[in-house]
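Please have your viewer at hand as you read.

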Amino acid sequence: MAAIAALAAAAGPARAQTTPQTQTPRLIVAIAVDQFSADLFAEYRGVFTGGLKRLAGGAVFPAAYQGHAATETCPGHATMLTGARPARSGIIANDWIDRDAARDDKRIYCAEDARVPGSSSSRYTVSARNLKVPTLGDRMKAANPASRVVAIAGKDRAAVMMGGHAPDQIWFWGGARFDTLADRAGPPPAAVAAANARAAALVARPGKAVLPPQCAGRSMAVTVGDGSVGTIADRKAEDFRGFRTAVEFDAITAELAVALLDEMKLGRDAAPDLLTISLSATDYVGHSFGTAGAEMCAQMLALDGAIGRILAALDRAGMPYAVALTADHGGHDLPERNRLRGFADAERIDPALSARALSDALMREFNLATPPLTGEGEFYVARDVPDALRPRLIAAALARLTAHPQVAAAYTADALRRMPAPRGPVDEWSLAQRYRAGFDPERSGDIIIALRPHVMPIAVPGPGHVATHGSPWAYDRRVPMLFWWPGMTGFEQPLAVETVDMLPTLAALIGLPVPAADVDGRCLDLDAGPGTRCPAP
């Protein structure tokens, strides 16, 4: 495939400089791959030849967990560089309901500033206002204002949750170009202007589908709704939505990160810098086509090349650096293909589990004039429900939900509020503990349900939306976490860790104190080369 070959050539060979790096890193590069499950990493690990092959030669934690149950982009990205689970960070989901919001639209987007007049959850001003805790970059700048933080991503929420409250540069794909925060004045850096020109040229012309030889065995059409997925298809010119699933999408994001690395001379000064990069195409491919077809295979090869390009640029820059990579969540395949693969329990969610259907039943039962519930999987009781009626209505809703064969469990806000924060090995947490890790009494719903494994929470599939994530099960929670720097002695640690462990580990690597009481994660002893210097417990 021409695009994949170009990526591989740009990345260079998988071999890296082997001279041990003895200096403290002057640049930390934190890479997130959206929807990169531990299952995908294990499946394709043997065919990676570029950046992911190199990173797999470092410190490998193949079973890192997003501890919380609501495995979505925003909360997952927020865990990585804050060390905080959603219960502490406040980022409980991609969006939530604020029944007291001073606007008609009560849904709050995780990366918006709802105070802006005229905004809504779909037409919003991008902001880190909803993030209640500092990121690694925020801590670095507090310790040394000369440290610089640059965040690049394929999604605004990914850039915000990794870049934090005061990044020096923040750029994210806005649908047709790389955009920045509304309060940033002045012309964009030359790197951004060049990336936007390159992206416009790519989108303007059609994309020719070529099946990589390694993906031939995964090419099989599967009928989904009115269409099919599983085979590589051409992309039409001016298809901005489809461009997000193209192999070039992560490539252009990586190109922008590399260009800003050079233009801003990151890592060249005495103060350590931070570059965060979130690559989003894997998630868009997973949503549009599922995780097991030729489309995802081609994406994995392209991802390997894009990361290789980033590492090659770091080598050329010549400063001491360290790289960490993980994912915001995993994902599972569409039920139509899962059934072909032997998952008899794979099915789509029953529309009866929607807030609308449940509200209709409760309106009849309690003789209500207006719907008592809003939300999706996490239900909020309306403010106009009388206080005396609320307990009975919640009990009735719980009874209906737990009686449904697709529901594994349901929890009330009162029950989760009374639970202590989870402790112990994350892979041994109960289902209730996973939901407690993501519970914020100010933002979470009154009733939260857990669907059974392999129940896809999309009732009716459509173009670009055939599969998703968000469950409390291992296929959505378990992701890889990799650390690498030049010359390090690699090792693999198979026991479960958490993505919240990334912040204290990277902080220790640059000698940045982080009070243990401020975070949920712990420093991982990488014990190789200069290694992390984890503080004494």
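At what angle do the axes of helix α11 and helix α12 cross? Before the answer, please keep in mind that this is a predicted model.

**Two helix pairs**

Helix α11 covers residues 281-289 and helix α12 covers residues 294-317; their axes cross at roughly 175° and come within 10 Å. The two helices are therefore roughly antiparallel to each other, as angles over 145 degrees count as roughly antiparallel. On the α11 side, the contact is made by A281, T282, V285, G286 and F289, and α12 brings E295, M296, Q299, M300 and L303 to it. Sorted by class, the residues of this contact are 6 nonpolar, 3 polar and 1 charged.

A second pair is formed by helix α8 (residues 190-204) and helix α10 (residues 247-263), with axes that come within 9 Å and cross at roughly 160°. That angle makes α8 roughly antiparallel to α10. The crossing of α8 and α10 is right-handed. From α8, the residues in contact are A190, A191, V192, A195, R198, A199 and L202, and they meet E248, I252, E255, L256, A259, L260 and E263 of α10. This contact has 10 nonpolar and 4 charged residues, with no polar ones.

The two pairs can be set side by side:

| Helix pair | Axes come within | Crossing angle |
|---|---|---|
| α11 and α12 | 10 Å | roughly 175° |
| α8 and α10 | 9 Å | roughly 160° |

**Cavities and a pocket**

Now for the empty space. Rolling a probe the size of a water molecule over the atoms shows where such space is left.

How many cavities of 30 Å³ or more does the whole structure hold? A search finds 2 of them. The largest cavity contains about 70 Å³ of space. Its lining is made of A69, A70, I92, E378, R434, Y435, G438, F439, S444 and I448. By class, the residues lining the largest cavity are 6 nonpolar, 2 polar and 2 charged.

The lining of the second largest pocket divides into 13 nonpolar, 6 polar and 15 charged residues.

Conventions. Residues numbered from 1 in each chain as written. Predicted model: local features only at pLDDT ≥ 70, side-chain atom pairs only at ≥ 80, totals over all residues. Heavy atoms only, no water. Axes fitted to C-alpha atoms, helices over the stretch in contact; angles between N-to-C directions. Helix = DSSP H or I, 4+ residues; strand = E, 2+ residues; numbered from the N terminus. Parallel < 35°, antiparallel > 145°, perpendicular 65-115°, else oblique. Contact = heavy atoms within 4.5 Å. Nonpolar A, V, L, I, M, F, W, Y, C, P; charged D, E, K, R; others polar. 1 Å grid on protein atoms, 1.4 Å probe; cavity = no way out; pocket = protein on both sides within 12 Å on 5 of 7 lines; lining within 4 Å. Points joined across faces, edges and corners; volume = space filled by probe spheres on them. Left-handed = near helix turned anticlockwise from the far one by under 90°.
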